[in-house]
Amino acid sequence: MKLSRFGEKVAGDAGIVTLMDDLGEALRVNPEMIFMGGGNPASIPEVEASLSSALQGVMDDPGVRRPMLGVYQPPQGDPEFLDSLAGELRRTCGWPVTRENLAVANGSQSAFFVLFNLLAGEGSDGVYRKVQLPLVPEYLGYADVGLAPSLFRANRPAIEWLPEGLFKYHIDFERLTLDDDLGALCLSRPTNPTGNLVTEDELNHLDALARARDLPLILDVAYGAPFPDIVYPSMRPFWNDNTILVLSLSKLGLPGARTGIVVARPEIIQAFARANTVLSLASGNLGPALAQQLLVRGELFRLGPEVIRPFYHQRMQSALAVFQRELAGLPVRIHRPEGAFFLWLWFEGLPISSMALYERLKARGVLVVPGEHFFPGLEEPWGHRQECLRVTYCQAPERVAEGAKILGDEVRRLYSDG
Ligand code: PLP
């Protein structure tokens, strides 16, 4: 079999695929592993009850059940759902949106594939455009979705030192040069892997730069507002007609439904819906049907602030305290956790790479994600990327505490061996 260039790229050794395989295999071999890798949401009983009841609601109503099971959605998605969601976004967020501003996708990951390749790559004018990531570390799932070889350009962040061994990344506007060959800007907020919430001032500044250059600003709010709203203490939802907002039902508790939602101006939505139809024919019906039930019951926008956010906030506080205790005395800093469900640990001068540390931890039954993979598009060398790890705090606090203890022990040995 002879693979195309595209085939070699997506079916080859993409970092993310190797890593996910590795995590899956490690769990298969040793189900007792302390799993602090991956981005699966936690199981929250109250959310599960709400989702089960919404599913029951769909099943009990033949007028909803039949089209959900047996009818393809139109290219943008089910009009009734789009109208309800647009209405709720107008009411709750004050955005002037209608169904013309919305489109459904099979998960936000697939929405990013379409958006990045619509806006970047080689244009008919011969210009090869890129997506600018104003700050890395950034979501590793972006790295390999480009049809073109290297779709991203990224900037190192500025670092703010905070008390109690914490730090925070900021967009370094002094270094951020927007070259002529850009197709879009993209930012996840809050950010996977760091839990960073880029400040409103930074976001407004970025928005102004993007508008001045007529570049769409893609905002990935897989963890953010308006839902699932896993942000501490809270964030104001952000959108305007130059923003392409990408929402997801996954971190609300529905990763299996594979539903993403794009909010953008109509011309972008039309291009997106056409491309999505070519690629997927139609988006799945289950996620939108459940979301519609949740909307009608007033739960889609309520679960986040009332149930999901407090749940993760508590897990975060307990994980932070445990890691600060287990890593005390080591040259470590933790990114201030402002959202999502990760802690980002930075071991200054780590004697081995974070990839090698990941292997050692795996051998001791603890799965984390090495930091190297979260710097897509950063060409300049930067030792920092080998010094960081991402850990997830979705599991029961006792398991996180066990994992933190082993991690602390392993890293202490490393530094004392020099
Ligand atoms: N964006 C971010 C920041 C993520 O962390 C993820 C998944 O972990 C995604 C997008 C993709 O999510 P999904 O395709 O399940 O909507």
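# Legends to the close-up views

**View 1. Strand β3 (residues 121–122) and strand β4 (128–133) run antiparallel and are joined by two bridges.** The model is a predicted one, in which local features need pLDDT of at least 70 and side-chain atom pairs count only at pLDDT 80 or more, while totals for chains, interfaces and linings use all residues. Residues are numbered from 1 along each chain, as its sequence is written. Strands (E, at least two residues) and helices (H or I, at least four) are DSSP runs numbered from the N terminus, and two strands pair if DSSP finds at least two bridges between them. Glu-122 stands opposite Tyr-128 in β4. Five residues lie between the strands of this hairpin, and Gly-126 takes a positive phi near 85° there.

**View 2. Strand β4 pairs in the parallel sense with β5 (152–154) and with β8 (182–188).** Three bridges connect β4 with β5, and Leu-133 of β4 faces Ala-154 in β5. Three bridges also join β4 to β8. Val-131 stands opposite Ala-184 in β8, and Gln-132 has Leu-185 as its bridge partner. Five of the six residues of β4 are buried. A residue counts as buried if 20 or more other C-beta atoms lie within 10 Å of its own, as exposed if 12 or fewer do, and as partly exposed in between, with C-beta atoms placed from the backbone.

**View 3. Strand β8, helix α7 (residues 200–212) and strand β9 make a right-handed β-α-β unit.** Right-handed means that, with the strands pointing away from the viewer, the path from the first strand over the helix to the second runs clockwise. Strand β8 is mostly covered, as five of its seven residues are buried. It pairs with β9 (residues 217–220) in the parallel sense over four bridges, and Leu-187 stands opposite Leu-219 in β9. In the loop between β8 and α7 are Pro-190 and Pro-193. The bond joining Arg-189 and Pro-190 is a cis peptide bond, with omega about -5°. The bond from Asn-192 to Pro-193 is also cis, with omega near 25°.

**View 4. Gly-146 lies in the loop between β4 and β5.** This residue counts as buried because it has 22 C-beta neighbours inside 10 Å. Leaving aside residues up to four places away in sequence, Gly-146 touches Phe-116, Asn-117, Ala-120, Gly-121 and Leu-151; two residues are in contact if their C-beta atoms, placed from the backbone, lie within 7 Å. The C-alpha atom of Gly-146 is 17 Å from that of Leu-3, a residue 143 positions away along the chain.

**View 5. Six strands form an open sheet with mixed pairing, in the order β6-β7-β12-β13-β16-β15.** At the edges stand β6 (158–162) and β15 (369–370), each with a single partner strand, so one side of each has no neighbour in the sheet. Strand β15 pairs with β16 (residues 388–392) in the antiparallel sense over two bridges. The bridge partner of Val-369 in β16 is Arg-390.

**View 6. Glu-164 and Arg-258 each have a positive phi although neither is a glycine.** For Glu-164 the phi is about 60°, and the residue sits in the loop between β6 and β7 (166–170). Glu-164 counts as exposed because it has 9 C-beta neighbours inside 10 Å. Arg-258 has a phi of about 50° and is placed in the loop between β10 (243–248) and β11 (260–263). With 19 C-beta neighbours inside 10 Å, Arg-258 counts as partly exposed.

**View 7. Domain 1 (5–46 + 304–417) and domain 2 (74–299) divide the protein chain.** The bounds come from an automatic or database domain assignment. The C-alpha centres of the two domains lie 24 Å apart, and 41 residues of domain 1 are in contact with 40 residues of domain 2. On the side of domain 1 that touches domain 2, α1 (5–11), α2 (15–29), α10 (303–326), β12 (332–335) and β13 (342–347) each supply at least two residues. Helix α10 gives the largest share of this side, eight residues. By class, this side of domain 1 has 24 nonpolar, eleven polar and six charged residues. Ala, Val, Leu, Ile, Met, Phe, Trp, Tyr, Cys and Pro count as nonpolar, Asp, Glu, Lys and Arg as charged, and the others, Gly among them, as polar.
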